[in-house]
Structures are given as C-alpha cells and as structure tokens.
Amino acid sequence: MPFITATAATRESYDVIVVGSGAGGGQTAYTLTMDGARVLMLEAGRHYDPVSETPMFQTPDLAPLRGSGTKDKPFGYYDATVDGGWQVPGEPYVQTSTDDSGRFEWWRARMLGGRTNHWGRISLRNGPYDFKPHSRDGLGFDWPIGYDDLAPYYDKVEMLIGVYGANDGLENTPNSPDGCLLPPPRPKVSDLLIAEGSRKLGIPTIAGHRAVLTQQLDWKNSPAKLHPGNPAAQKIIADDMQRRAACFFATPCGRGCSTRANYQSTTVHLPPALATGKLDIVTDAMVYEVTIGKDGRASGVGFIDRTTRQQRHATARAVVLAASACESVRILLNSKSARFPHGLANSSGKVGKYIMDTVGSDVEGQVPRLESLPPHNEDGVSGMHLYTPWWLYKDAAKLGFARGYHVEFGGGRRMPGMDTVAGLEWLTGGSYGKQFKQDARRYYGSFVGFSGRGEMIPNEHSYCEIDPGVKDKWGIPVLRFHWRWSEHETRQAAHMQKTFGAVIEAMGGRVQGRIETDGAKAIAPGGSIIHEVGGAIMGADSKTSVTDRWCQTWDVKNLFLTDGAPFASNADKNPTLTIMANAWRVADRILERMRQKEL
Ligand SMILES: Cc1cc2nc3c(=O)[nH]c(=O)nc-3n(C[C@H](O)[C@H](O)[C@H](O)COP(=O)(O)OP(=O)(O)OC[C@H]3O[C@@H](n4cnc5c(N)ncnc54)[C@H](O)[C@@H]3O)c2cc1C
Ligand code: SF4
C-alpha cells in the first residue's frame, strides 16, 4: 500500500483507472479519491521520490560538464527529468519533415509526476475570449464551455497548489477572487528596467503568476472552500498544506523542490490522494490500449509491466486518459477492435487532429545600466517575477495576424554556469587574460531575455497518426507527426521580434544578434515550447469533435480525457493551470455520474 505491483492491480476492479500521473492525472486522482472513489493510477515512468532525489543544493562544479545541457539532459545535468526529453530511449516517434517549419518535436517524461517535476510553473488563467475564439474572429474552434464554467475550478486549483500573482484587471487577463493568490515576489532590478522600457512604449508589465509558495498556504480557511461538506478531505489537505514549506528564494525550480514549495504532482497532488487510502499507483505500467466490453463501454486498460515485460489488464467502471495530449491520442488510435476499426472514440475521424503548440520566439539583449553592479543575490523564485500579458486586443484589425502573445522576460545574476560569460566577443572585441576577467565581471548579470508565448490556431495540417511500420521497444505502434504553421503564427513571431528589440532599445540596451524580420525564421519549431495540446478536441457536435463538454468521449460513455488533448484552442496562456482546472471539473462530473449510477 499504496504503490502496488502490476499483478496486484489486476486483482481488484476499481471505480476509475487514471492513466498518467502528471498535471492532468494527478489532479483527477486527487479530486476522485478525496471524494471517496477507489482509483488505480497507471504510470509508464519509474517511481520518483522528490525528497530523496531532488538535487536542490548541488553546485555546477559537482556535475559532469559543470551541469551543462546534453542530448540526454537538454535542460542540464540537474534537471528533475529522469528518462525523458526530446527523445526517450527505445520509444521513438516519426517526423514527416526534418525542416524547422514542418517539424514537431515531442517532449516526454517517463517518471512519476511526468513533466510537472521540472515545468516552469507559469500558471495563467485563460480569459473569457480564449474559450470563444471562433466567435470572435471566425478562425479555429470555440470550446463548448466558457470561462464561467472553469472559473470556480481555477479558484480551487490556485488555492490548492499555491500560485503567486496579483489582480491587475487587464482585458482577458482574469482576476482571482480574494484568498486564491499568494503575494508575488518583488521585481528584480532587471525587471524594473524592462518595466520602465516597456512603459515608454505603452506595453504593460504586471506580476507574474507561478505555482510557487511565497508564503505558507492558508490551511485554516482554504480546505473548507476546496472540499465543502467533506471534513475528512478537509483534514487531509489542511494537514498536508502545513507540511509544505514556503520558498526560500535560492534554488532552481527546474530541479524540483524537495521542500514542496512549488507545484509538482509528486509533492502536491499525490501525497494527499495517497493519504485517503483510496489510491493505488503502479509505476512502470505502460498502457497501450483501452479495452471495450460487450456493452460497448470501456472495461479497463491493457498495459505492459515494464519490469517484467508482461502484458496485464486492469478493470474499472470508468477510464480516464491523462497520459499527455499526444500519448492519450496514441492510446486511442491503438485501441482498435472490430467495433472501432479506426481507433477508439474516433467516429468523427478527429482523433489525432488539430494538435497545437505555442508560438515561441526569443530575443536577448545587453543593458549597460546593469553592468558592474556590486555582488548581490537576486535568485528570486527562479522564474518570472513580472510579465507582459497580451495588450493589443483593440488593435487586432491592424496587426496582420489573429490572436496574440504574452511575454516572459527576465535577467540578472544567477549561479554562474559554463555559458555565463561565453560569447562575450560582440561586447569585448575578444579580450584575453586579465582584461577578460574584468570584462566577465563587468558584463555578468547585464543581460535580459524575452520569450514570446503566443496562440496557435488549430489547422488541418498539424496532426498525428499511427505510423504503419515503427513500433517502440514494448512493441507498441508509435506516432507519426505532421506539422505546419500558418501565417498567423509566423507573423506573430515577427511581431514578437520587433517588440522585444524596441523594448531593449527603450531600456538603453543593445540587441544580441539581430532582430529577425522573417517570421518563418523567427518562430521556434513545433513542439519546442512543450505546450502540446489538442488531438482529441471537445466540442458541441459529435461529428466534428472527439469529446463533449465534459471531456467524455462521444463514442464511449465511460471514457474521459483530462490532459490537454480536449483543448479546442491553445490560448497564449501556458496550458497547465487550465489542464488542472478542467481535470477537477471533469472529475467532479465523474463523481456525480457515479453517484447517479450512470457509470
Ligand atoms: C521545460 C518545460 C517547461 C514547462 N513550463 C511550463 C509552464 O511554465 N507553464 C505551463 O503551463 N506548462 C509548462 N510546461 C508544460 C507542462 O509540463 C505540461 O503542460 C503538463 O505537464 C501537462 O500535464 P499532463 O498531465 O498532460 O502531462 P505530463 O505532465 O507529461 O504527464 C503525463 C504522464 O503520463 C505518463 N504516460 C505517458 N504515456 C503513458 C502510457 N502509455 N501509460 C501510462 N502512463 C503514461 C507519462 O510518463 C507522464 O508521467 C512545461 C514543460 C516543460 C517540459
Ligand atoms: S526557488 Fe523556491 S520553490 Fe523553487 S525550488 Fe527553490 S525553494 Fe523550491
């Protein structure tokens, strides 16, 4: 108890099987078990214990290559990800193009908690416009739900996981009710300069929103709001909240947080869910299909026990896929039967269609006013303190592209790594020896970086399907990706470049390299921002979507999706807070239907 073996999992029939333990799976299992449902979680990756495994305090000199990124560890040696990245050994995928403009890079994690162990923790609410984009400009699809459907769940998730931020009342950038947000950290000096430069251009900068505890959670008041009428759940979460420490502003969140001061599924969702006694978890359990009973309903899932390579089958009254958007699609497409020859829940032919990422483009600059500062600590919360939400809603007709982007920016001094003073030649003219040391001290911490994160409109050319030939090392057919940006996205990337160059100049700084005016060159390849959503979109019509508004598949009534796969659009806001809010909403619906004996 409660991490069990694959064999043990086959002995009991559960209320719900949840596939995947990341943001979607973690939230689903939390909500279901807190309300008494018996849940089996199947996770393809290995067990991971953040307390004993997180390299929070190690310094670069203790790591190979001083901790620099490699092919196996793209985000550096100490990155929390184990067994994951752009490539997972033995688990390939097929790209139909290697060209930057037609390539989709698929980032996966194979560990308990999935990508939430190292994600950026940027947690922005979608606004009302983001659920009805088609109604606003005729492109893409509307969601069958609106902001008001999700707002109470955004409130709950913010209270539960702990998100800092402020209410700025800007257009399509929702405020949170009192008691939801934690106070934001103070801006760093580089943030203040960026804010000043942005202000000159009429660009707003406001407090960032990230899932980091800047103070202890409100364990006295929040539990009753999270679980009204459920004293057992309230007690579990009140106790658990007191065991989470506040951030001490010193270590990189990407390595994970053993003191539980930021959100990762392994430190926030799974411990209270396990404390209910209702959750069993099997790690190293690679699900390859959803099985169907004679009644046409999901009977359970088939999975491979990676420790023995044996095939297993677990059963439940309902199945929830939260294996990450494209993995859930893969499971659906591989679940073929006489009744569902084209894959499960695919009567619309839309499974795998409309995969989306975020539009990304970066610019860096150097700011003389940040040179030669006295030594000082400004590690902060290891992520954005301020950011710029999209500010040009009123200018939509003039821009030449639809939708918009937000700006994640930052700068300042961090613990030096291999590349801290690399590539200074454009400033120093190529100095050596003593002069180089002086230059390194002068320029250290004087750089600022801007990353645009924009909305991609779903299109017919961006989709995945099962490759007819290639299988992974478990014998499971793999995905083949097709990708294309439209001019809305490439023009947006060019706009990002121009804007960031202008802000750097307004700060009195200089752009590193040059501003790319060709958006097709400025845009990061598909998938590289790692905000993969879509592939099983929700909708109001079973002919054009895979699930209904409850993320219940139209074709199989006890099959649900709670990762990013049902997203009908991908707003500029990073997707994970919305994945969690939606997962809570869907789990509530499953509980209600179980109470009514409809599941
Ligand atoms: C470097 C980086 C930075 C990011 N920064 C942000 C950010 O700041 N803000 C933001 O909103 N998002 C961010 N993201 C994206 C964020 O991590 C994802 O949106 C989020 O984790 C998605 O949750 P999920 O549950 O769908 O998938 P995951 O968190 O990936 O979890 C899926 C789980 O399912 C398991 N699984 C997969 N296939 C199977 C199978 N066949 N059987 C059983 N289990 C399976 C996986 O092993 C994994 O553990 C970032 C991601 C990365 C990598
Ligand atoms: S910065 Fe704060 S939240 Fe992030 S890892 Fe360090 S202590 Fe944890």
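Start by selecting Pro-368, which sits in the loop between strand S11 (359-366) and strand S12 (386-388). Helices (H or I, at least four residues) and strands (E, at least two) are DSSP runs, numbered from the N terminus. Before moving on, know that this is a predicted model, where local features need pLDDT of at least 70 and side-chain atom pairs count only at pLDDT 80 or more, while totals for chains, interfaces and linings use all residues. Residues are numbered from 1 along each chain as its sequence is written, chains are lettered from A and ligands numbered from 1 in the order in which they are written, and side-chain values use heavy atoms, with hydrogens and water left out.

Stay on Pro-368. Leaving out residues up to four places away in sequence, Pro-368 touches Gly-508, Gly-509 and Arg-510, where contact means heavy atoms within 4.5 Å.

In the loop between S11 and S12 you'll also find Ser-382. Its phi is near 55°, a positive value in a residue other than glycine. Most residues other than glycine have a negative phi. For another case, jump to Asp-284, also with a phi near 55°. Asp-284 lies in the loop between strand S7 (279-282) and strand S8 (285-292), and it counts as buried because its relative accessible area is 16%.

Next, the inside. A nonpolar core is a set of buried Ala, Val, Leu, Ile, Met, Phe, Trp, Tyr and Cys residues joined through side-chain atoms within 4.5 Å. The largest one has 149 residues, and Ile-161 and Phe-450 have the most contacts inside it. Color helix H18 (residues 576-595): its ten residues are the largest share of this core. Then click Phe-450, whose contacts beyond four places in sequence include Ile-194, Val-363, Phe-409, Phe-500 and Met-507.

Last stop: ligand 2. Which residues are around it? Select Val-212, Cys-247, Phe-248, Thr-251, Cys-253, Gly-256, Cys-257, Ala-261 and Asn-262, each with a heavy atom within 4 Å of the ligand.

Note on methods
Buried < 20%, exposed > 50% of the residue type's maximum accessible area, 1.4 Å probe, protein only.
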